[in-house]
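The questions below work through selected features of one protein chain, and each answer is meant to be followed with the sequence and the coordinates at hand.

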Amino acid sequence: DPQQTELAIASKRKLRRFIVIDEVVDKLYGSKVREYFEENNVQHRILALPTTEETKSMDLVLNILHEVQNFSLDRRTEPIIAIGGGVCLDIVGLAASLYRRRTPYIRVPTTLLSYVDASVGAKNGVNFLQCKNKLGGYTPPVASFLDRSFIQSIPRRHISNGLGEILKMALMKHKGLFDLLKNHGKFLLDTKFQSYNGFADHRDAALQTTRIAIETMLEELAPNLWEDDLDRLVDFGHLISPELEMRVLPSLMHGEAVNIDMAFMTYVAHARGLLDAEEKEQILQCMRGLELPVWHSGCSWALIQRALRERLKHSGGQPRMPLPTGLGVADIFNDTSEETLERAYELWVKD
């Protein structure tokens with residue numbers, strides 16, 4: 001906003017910013033971040049923290065809030081900035097929502113997963129009593145700043161992890177996105193989602209893939225930001241994965257657990273007659289091409305039953321199970337029998 005910029009420049013008061021940055025990101029980019037604020041004459045406090053699923057707790061939120069209080073932050077004019085992966089953005093979002101009832105914050109995602117997932121929407125939260133995101137709220141950021149150059153420094157497995165959430169949107173809503181992943185998945189992994197000239201065969205696959213993933217996510221989330229409607233296609237891959245992810249920490253990353261859930265649900269869709277054998281195989285081949293796990297020994301039949309019982313508690317007594325009904329199309333189902341689930345599980349394990 002040019003008017004706000006003018007006011008900021010004319011103001012006698014020095015600009016101030018409180019930044020929370022993941023400690024790994026700080027090692028890679030911290031000097032550039034500090035240089036940016038110094039060059040722009042912004043008084044700043046940078047708090048580098050270990051933001052992982054294991055540390056995603058109220059203790060870390062309170063740690064941030066102590067530092068925010070010491071900084072004497074003005075909640076109307078000085079947004080907190082979060083720079084990191086999805087866990088960092090979740091933790092800072094919750095801290096900001098609690099400080100003075102609501103302090104604005106800005107998300108700067110640095111992983112592919114957070115770029116296409118955590119950057120969009122209003123949710124924030126922390127783990128509690130070994131349950132994923134049990135404490136949290138709905139406070140959207142005032143802005144998300146998206147810069148794919150961060151992704152070039154993350155390990156290949158982390159990029160594959162982010163591809164799990166992109167594939168979710170492809171399977172639920174966009175056949176074109178599925179085709180992009182199927183045809184360019186290895187290229188996207190090899191080039192770490194950077195845009196390069198001279199690769200005519202791939203066009204700008206990274207830009208197209210991330211743009212479509214975010215646009216389809218926004219289409220789903222924007223009309224239902226506070227989750228008043230519990231029938232959500234974006235819950236695909238999130239029925240069993242929360243239980244699995246917390247049970248086997250730290251062996252599975254979020255997108256990997258989501259993909260294992262999606263692989264099982266692909267078998268459920270096939271067992272129900274929603275997908276034919278060829279479509280099922282296309283989905284599994286695409287998953288393998290993206291270097292995502294399609295099965296995990298920790299995903300037992302007992303865990304699946306427990307996870308689906310938990311699902312009923314939090315979805316109005318209905319499973320509200322999103323399932324693909326083809327490639328890039330889906331629907332919500334409440335009538336999948338125990339027998340169908342068990343038959344799908346046996347075939348999945350056998351394969």
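Q: In which helix is the place of Glu346?
A: In this predicted model, Glu346 gathers with Glu338, Glu339 and Glu342 in a patch of negative charge on the surface. The helix that holds Glu346 covers residues 338-350, and its name is α13.

Q: Which residue in β6 is the bridge partner of Lys123?
A: Strand β5 (residues 123-128) and strand β6 (residues 131-138) pair over five bridges in the antiparallel sense. The two strands form a hairpin with two residues between them, and Leu129 in the turn has a positive phi of about 55 degrees. Within this pairing, the β6 residue that bridges to Lys123 is Tyr138.

Q: How many residues apart in sequence are the parts tied together by the pair Lys134 and Glu310?
A: Lys134 forms a salt bridge with Glu310, and their closest N and O atoms are 3.6 Å apart, which falls within the 4 Å cut-off for a salt bridge. Because Lys134 lies in strand β6 whereas Glu310 lies in helix α12 (residues 301-314), the pair ties together parts of the chain whose separation in sequence, in residues, is 176.

Q: Which residue is joined to Pro250 by a cis peptide bond?
A: Most residues other than glycine have a negative phi, and most peptide bonds are trans. Pro250 is found in the loop between α9 (241-248) and α10 (254-271). The bond in question has an omega of about 0 degrees, and the residue that it joins to Pro250 is Leu249.

Q: What is the phi of Arg101?
A: Arg101 lies in the loop between α4 (86-98) and β4. Although Arg101 is not a glycine, its phi is positive, with a value of about 75 degrees.

Q: How far apart are the end C-alpha atoms of residues 48-160?
A: An unreviewed UniProt entry annotates residues 48-160 as "domain: 3-dehydroquinate synthase N-terminal". Over these residues the chain is 35% helix and 25% strand, and the distance between the end C-alpha atoms is 25 Å.

Technical notes. Residues are numbered from 1 along each chain as its sequence is written. This is a predicted model: local features need pLDDT of at least 70, side-chain atom pairs count only at pLDDT 80 or more; totals for chains, interfaces and linings use all residues. Side-chain values use heavy atoms; hydrogens and water are left out. Patches are made of residues with over 30% relative accessible area and no salt bridge: like charges are joined within 9 Å, nonpolar side chains (Val, Leu, Ile, Met, Phe, Trp, Tyr) within 5 Å. Accessible areas come from the Shrake-Rupley method with a 1.4 Å probe; for residues, only the protein chains shown count as cover. A salt bridge is a side-chain nitrogen of Lys or Arg within 4 Å of a carboxyl oxygen of Asp or Glu. Lys and Arg count as positive and Asp and Glu as negative; His and the chain ends are not counted. The place of a charge is taken as NZ of Lys, CZ of Arg, CG of Asp or CD of Glu. Helices (H or I, at least four residues) and strands (E, at least two) are DSSP runs, numbered from the N terminus. UniProt positions are given in the numbering used here, feature names are shortened, and annotations may be inferred rather than shown by experiment. Two strands pair if DSSP finds at least two bridges between them.
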